[in-house]
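Please keep the sequence and the structure in view while reading.

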Amino acid sequence: MKPFLYALSTCFHCQRTKRWFADHKIEYDFIDVDLAEAEERKKIVDEIKTLTGASQFPVVTLNDKHVIGFNEEKLKDLLGI
């Protein structure tokens, strides 16, 4: 299963997370939430709030776990690397 990234297209930490995945050759799926249509964006933000209790970005999910923000150690732990 691939990790999923909830990101914002203009977010520095989201861009760092995407770059980190690329540097480590990790395949992932993502959505830039700010580029989604209004209804879809609201639905996604609600999902993130339910999952994390906040609406911070980036959020990386895998299985039933998640990492909020760019945190290399937590990402490594989440991905088992």
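## Helix H3 and its ends

Helix H3 is followed by Gly 80, whose phi is positive, near 70°; helices here are DSSP runs of H or I with at least four residues, strands are runs of E with at least two, and both are numbered from the N terminus. The model is a predicted one, in which local features need pLDDT of at least 70 and side-chain atom pairs count only at pLDDT 80 or more, while totals for chains, interfaces and linings use all residues. Residues are numbered from 1 along each chain as its sequence is written, and side-chain values use heavy atoms, with hydrogens and water left out. At the start of H3, a side-chain oxygen of Asn 71 comes to within 3.2 Å of the backbone nitrogen of Glu 73.

Within H3, Leu 75, Leu 78 and Leu 79 are buried, where buried means under 20% relative accessible area, exposed over 50% and partly exposed in between, with a 1.4 Å probe and protein chains only. An α-helix has 3.6 residues a turn, so residues three or four places apart point the same way. Glu 73 and Asp 77, on the other side of H3, are exposed. The buried residues of H3 pack against H1, E3 and E4, with contact meaning heavy atoms within 4.5 Å.

## The nonpolar core

The largest nonpolar core has 22 residues, of which Tyr 6, Trp 20, Phe 21 and Ile 48 touch the most other members; such a core is a set of buried Ala, Val, Leu, Ile, Met, Phe, Trp, Tyr and Cys residues joined through side-chain atoms within 4.5 Å. At least two residues of this core come from each of strand E1 (4–7), helix H1 (12–23), helix H2 (38–52), strand E3 (59–62) and helix H3 (72–79). In soluble globular proteins, nonpolar side chains tend to be buried together.

Once its neighbours within four places in sequence are set aside, Phe 21 is in contact with Pro 3, Leu 5, Ile 26, Tyr 28, Val 60 and Leu 79. In strand E3 lies Thr 61, which is buried at a relative accessible area of 15%. Not counting residues up to four places away in sequence, Thr 61 touches Pro 3, Phe 4, Tyr 6, Leu 51 and His 66.

## Aromatic pairs

How many aromatic pairs does the rule give? The count comes to four, with rings of Phe, Tyr and Trp (its six-membered ring) pairing if their centres lie within 6.5 Å, and with planes under 30 degrees apart counted as stacked, over 60 as edge-to-face and the rest as tilted. The rings of Phe 4 and Tyr 6 have centres 4.9 Å apart and planes at 65°, so this pair is edge-to-face. Phe 4 is partly exposed at 26% relative accessibility, whereas Tyr 6 is buried at 12%.

Phe 21 and Tyr 28 form a stacked pair, 4.5 Å centre to centre with 25° between the planes, and both residues are buried. Trp 20, Phe 21, Tyr 28 and Phe 30 form one aromatic cluster.

## Salt bridges

The whole structure holds four salt bridges, each being a side-chain nitrogen of Lys or Arg within 4 Å of a carboxyl oxygen of Asp or Glu. One of them joins Asp 32 to Lys 18, with the closest N and O atoms 2.8 Å apart. Asp 32 lies in strand E2 (residues 29–32) and Lys 18 in helix H1, so the pair ties together parts that are 14 residues apart in sequence. Asp 32 is buried at 14% relative accessible area, and Lys 18 counts as buried at 19%.

Asp 46 forms a salt bridge with Lys 42 at 3.0 Å between the closest N and O atoms, and both lie in helix H2, four residues apart, about one turn of the helix. Here Asp 46 is partly exposed at 33%, while Lys 42 is exposed at 53%. In helix H3, Lys 76 and Glu 72 are also four residues apart, about one helical turn, and their side chains meet in a salt bridge of 3.8 Å, N to O.

Key
Polar contact = N/O pair within 3.5 Å; in protein donor to acceptor, adjacent residues only side chain to side chain.
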